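Dear colleague,

I am handing over the structure we spoke about, and it is placed just below so that you can follow it alongside this message.

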Amino acid sequence: MSAKYAFVKSLKEVRFLFCHTGEGSAATRTFLTRAYPTMKKNNPHTPILIREAQGVLPKVYARYGSSLFCLDACLSMCR
């Protein structure tokens with residue numbers, strides 16, 4: 001299996017939150033269009049949730065057990 005987008009076993013869930021029309025979420029939409037198939041193929045048992053909401057800034061949440069971490073800083077570096 002390729003190591004590209006391979007998640008650690010302790011990761012229970014990944015959530016992407018972004019605006020489906022906003023210019024600020026364009027990089028997130030492009031990333032997910034390109035990377036989602038590979039992420040899902042390499043992590044078939046990890047839920048990858050995609051949430052679209054009008055006017056929100058893009059964020060990524062990672063859940064490890066009962067802890068939820070917001071990783072929005074990494075998205076701002078990708079723009």
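**The sheet and one of its residues**

In this predicted model, four strands make up an open sheet whose order is 2-1-3-4, and the pairing within that sheet is mixed. At its edges are strand 2 (48–52) and strand 4 (67–70), each of which pairs on one side only. From one strand to the next, the twist averages 20 degrees.

Strand 1, which covers residues 13–18, pairs with strand 3, residues 59–64, in the antiparallel sense, and five bridges join the two. Helix 1 (residues 26–42) lies across strand 1 and strand 2, and the direction in which helix 1 runs is at about 160 degrees to strand 1.

The residue I would like to describe in more detail is glutamate 13, which lies in strand 1 and stands opposite arginine 63 in strand 3. Is glutamate 13 buried or exposed? Its relative accessibility is 10%, and because buried means under 20%, glutamate 13 counts as buried.

As for its surroundings, the side chain of glutamate 13 makes a polar contact with the side chain of arginine 15, at 2.4 Å.

Definitions and conventions
Residues numbered from 1 in each chain as written. Predicted model: local features only at pLDDT ≥ 70, side-chain atom pairs only at ≥ 80, totals over all residues. Heavy atoms only, no water. Pairing = 2+ DSSP bridges. Axes fitted to C-alpha atoms, helices over the stretch in contact; angles between N-to-C directions. Contact = heavy atoms within 4.5 Å. Buried < 20%, exposed > 50% of the residue type's maximum accessible area, 1.4 Å probe, protein only. Polar contact = N/O pair within 3.5 Å; in protein donor to acceptor, adjacent residues only side chain to side chain.
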